[in-house]
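Please keep the sequence and the model at hand while reading.

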Amino acid sequence: MKKPIATPTAVFLATVTLLVAPWAQATAADPTTAALSQWRDLKFGLFIHWGPVSLKGTEIGWSRGREVPVEEYDALYRRFNPTAFDAAEWVQVAHDAGMKYLVLTSKHHDGFCLWPSKYTDYHIGNTPFQRDVMKELAAACRERNIQFCTYHSICDWRHPDYPLGSPGGKTAKPHPNMPRYFEYLKNQTAEIIANYGPLGIMWFDGEWEAPWTTEYGNALYAGLKELQPSLVINNRVSKGRRGMEGVTEQADLNAGDYDTPEQQIGGFNRERPWETCMTICRQWAWKPNDLMKSRAECIQTLLRTVGGDGNLLFNVGPMPDGRIEPRQVERLREMGAWLKTFGDGVYGARGGPFKPGPWGASTCKGNTIYLFIMNWPASGPLRLPPIGPKIISSQTLNAGELGVDQQPDGILVSAPASGPDPVATVLTFTLNAAAFSVPPVSVEPASAGNE
Ligand code: JFZ
């Protein structure tokens with residue numbers, strides 16, 4: 001018998017249940033720790049939910065067997081022909097928005113694959129379009145120094161081996177075979193890393209259903225780290241996530257490098273990395289005339305997220321012709337234009353020390369605290385809690401002279417005479433010490449007015 005070569009892939013494929021968490025003993029030299037801190041500095045990424053379902057304008061995965069009959073949904077790919085798709089254009093949009101990474105749905109809950117996988121026929125290569133979207137995007141990202149990442153659904157409501165089906169995992173398949181489905185998942189994720197890696201993140205989802213267990217999740221995590229030690233993997237690879245808050249309970253038992261609050265800004269947390277995922281409109285996949293967030297809401301969402309020490313993964317659903325909707329492109333470019341002026345307090349910064357609240361948010365880098373003041377008291381100055389280090393100087397970037405008065409019991413900031421900025425008044429404090437060493441403090445809501 002020929003001895004199998006122990007390539008990482010072979011080791012991965014041989015691994016069925018690799019228990020116990022190496023991620024629990026991460027050290028500074030550990031590749032995950034290094035990759036995580038690099039990724040955290042990027043702050044802002046583009047999430048892309050796309051597939052043949054864009055032809056219907058309904059939600060990806062969830063509309064299968066609901067708004068769209070299963071047979072019709074599964075046949076959409078035969079007429080999916082996004083001839084206006086231009087990977088360089090998508091990456092240009094992300095770049096112009098000030099985004100530093102991009103996460104594409106390699107496969108959503110509906111099972112359709114945006115790359116020509118050798119483990120299924122249900123993929124982009126068998127559409128009239130035929131082109132390998134993932135290959136083109138990965139290359140375009142590399143060219144512009146944007147980290148290429150993938151979203152991959154664990155649940156697959158179409159695959160006959162996966163036990164649950166549409167709508168929404170509420171039906172049972174006649175001949176489930178979960179161990180074989182797990183092989184499919186391992187094969188495909190290995191294929192993605194081999195063809196399009198190294199990736200920034202592998203962003204899993206659909207882990208909440210019963211067929212997926214901690215054992216499967218931890219084994220998948222361990223196997224992928226064998227293939228690419230620097231790979232960052234979100235907490236949805238395993239169990240233990242608490243709802244839409246996205247925080248993993250018992251993180252020492254459940255694999256995953258960071259938490260994933262969904263459609264909400266995560267709570268202030270410097271201990272465990274986190275990333276809010278949020279849609280620019282309401283739906284993840286493209287919906288005609290979907291309600292879009294305002295410029296101020298988009299930018300403030302980013303600032304509140306970064307101020308809580310998190311990343312923001314902001315989602316668009318491209319249209320069936322392959323373009324990102326022009327008004328969404330415009331909104332993203334507005335965010336980028338703002339970041340061009342004020343991004344210093346975003347990229348490479350950490351959240352705090354003043355925790356986000358109705359008043360606004362703050363970040364810190366070196367000896368500087370960046371304040372993003374969104375709501376001023378109805379009258380009088382904004383009162384911030386006291387901090388140890390001395391404020392040596394203060395500067396505003398988009399308001400006239402602001403009075404800053406550091407007292408033993410707090411810091412008083414007078415409102416700009418020019419009136420509040422529709423996004424945020426941006427102000428820096430330069431300290432006589434490292435700003436990150438100031439212990440995080442809450443800003444009393446009373447001092448933000450509105451009462
Ligand atoms: C999940 C996906 O279902 C969704 O389509 C999108 O990809 C998002 C990033 O992640 O979001 C969920 C997950 C679970 C529920 C709702 C949305 N749920 O259980 O109702």
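## Terms and basis

Buried means under 20% relative accessible area, exposed over 50%, and partly exposed in between, with a 1.4 Å probe and protein chains only. Helices (H or I, at least four residues) and strands (E, at least two) are DSSP runs, numbered from the N terminus.

The model is predicted: local features need pLDDT of at least 70, side-chain atom pairs count only at pLDDT 80 or more, and totals for chains, interfaces and linings use all residues. Residues are numbered from 1 along each chain as its sequence is written, and side-chain values use heavy atoms, with hydrogens and water left out.

Strand 14 (residues 368–373) is largely enclosed by the rest of the structure, because six of its six residues are buried. Thr 368, Tyr 370 and Phe 372 point one way, Ile 369, Leu 371 and Ile 373 point the other way, and all are buried. In a regular strand the side chains alternate between the two faces of the sheet.

Two strands count as paired if DSSP finds at least two bridges between them. Strand 14 pairs with strand 13 (residues 360–365) in the antiparallel sense over six bridges, and Ser 362 has Leu 371 as its bridge partner in strand 14. The hairpin of strand 13 and strand 14 has two residues between the strands, and Gly 366 takes a positive phi near 55° there. Strand 14 is also joined by six bridges to strand 19 (residues 425–431), and these two run antiparallel. Opposite Leu 371 in this pairing stands Leu 427 of strand 19.

## Salt bridges

A salt bridge is a side-chain nitrogen of Lys or Arg within 4 Å of a carboxyl oxygen of Asp or Glu. The whole structure contains 23 salt bridges. One of them links Glu 183 and Lys 186 (3.5 Å, N to O). Both residues lie in helix 6 (residues 178–196), three residues apart, about one turn of the helix. Glu 183 counts as partly exposed because its relative accessibility is 28%, whereas Lys 186, at 0%, counts as buried.

Glu 207 and Arg 241 form another salt bridge (2.7 Å, N to O). Glu 207 lies in the loop between strand 6 (201–205) and helix 7 (214–227) and Arg 241 in strand 8 (residues 241–242), so the pair ties together parts that are 34 residues apart in sequence. Both Glu 207 and Arg 241 are buried.
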